[in-house]
Amino acid sequence: MDNNFQTRIEYQGPLKPLLERVCADYGLGHYSSHEVVVVGYEDFNVVLTTSQNKYFVKIFADFRNEQDCNRYVRIIQIAINAGVAHPAIYKSNQNKNLYQTMISTSVIRLCVFQFIEGKTFYALQTYPTLDELRFLAQQASVINQIKVNIEPVYDSWAVVNFASEFNKAKHYLSKEDLVMVKPLVEEFLKIDLKQLPHYFVHGDIIKTNVIRSTNGQLYILDFSVANYYPRIQELAVLFCDLFFNEKDPSDFKNCYETGLSEYQKNLKLTDKEISLIPLYTKAAHAMHILCPSYEREVNNNYLSENNYWLELGRAGLRFSQSHWHN
């Protein structure tokens, strides 16, 4: 299991010596064991158990350079300072949030977080309560008000890249998926994205990135694809996943209206934005068809998580097209 996900990083040797070094340099106690986190598409994540406690270790994928990694940890600290519910990030004896070391001939960059005892909504296979949805909408508005200068990163799953990703993935869609998605691309291209209010956006507040702790507190994880985007992208991502129960979508209207209301207690949307959210959410559902289809055919990714997003995208797009008419 380790080696399958470990191919994401340059180092292919045993993890124990690396994690023992991390324990020493962070003062975490003695290494006991570790467990690979088997969700996510890019970095290599590990739950580290020591003589003191449990910790979450994010080992950055080898395609991320030092600037990318510094960008990530800087955003995390700024988000925590702004009041975002995110696990604490720790500093090593290097007195930095980003830890860098050499093992064998490989450069390793990583960061260490507080381990939250609990599970993501993806692992729980459940959906947030109405109060939890209110909290997530509030958190989205807090995130969108963060002021930070960051270098942009390209995210192939981001809704703003819908048209370009369609051109890349359309050859891998089933006939049924193509019939659903293609007309939506033509509709989406009519939006003048540059005219929409752009804010700092997490862009990935989804089931795999929200933990419900054992005491009921929610934590939002993983700012790796955060960018300045049309702020309705934040809401569209929420509405296409955590606010949408594909097994029983009958309550979606109530969840949607609750999210809009709660978000706007802190950050008022324009009439134009509100009118475009249905179309933007459809595009978010469509991205859950495009990207997993591409992953399957090009990267041979038939993991359960990839299959889950594909089926969610199909269910969400069918539902939204029958209930939202632009």
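1. Gln125 counts as exposed, at 66% relative accessibility; exposed means over 50% relative accessible area, buried under 20% and partly exposed in between, with a 1.4 Å probe and protein chains only. Gln125 is not a glycine, yet has a positive phi of about 55°. Gln125 lies in the loop between α4 (121–124) and α5 (130–144). Helices (H or I, at least four residues) and strands (E, at least two) are DSSP runs, numbered from the N terminus.

2. This is a predicted model, in which local features need pLDDT of at least 70, side-chain atom pairs count only at pLDDT 80 or more, and totals for chains, interfaces and linings use all residues. Residues are numbered from 1 along each chain as its sequence is written, and side-chain values use heavy atoms, with hydrogens and water left out.

3. Asn300 also has a positive phi, of about 55°, although it is not a glycine. Asn300 sits in the loop between α10 and α11 (304–323) and is exposed, with a relative accessible area of 59%. Most residues other than glycine have a negative phi.

4. The largest nonpolar core has 78 residues, of which Phe162, Val181, Phe200, Phe223 and Phe243 touch the most other members. Such a core is a set of buried Ala, Val, Leu, Ile, Met, Phe, Trp, Tyr and Cys residues joined through side-chain atoms within 4.5 Å. Helix α10 (residues 271–299) gives the largest share of this core, eleven residues.

5. Leaving aside neighbours within four places in sequence, Phe162 is in contact (heavy atoms within 4.5 Å) with residues including Val181, Phe188, Ala283 and Leu290.

6. A second, separate core has 23 residues, among them Val22, Leu48, Tyr55 and Val112.
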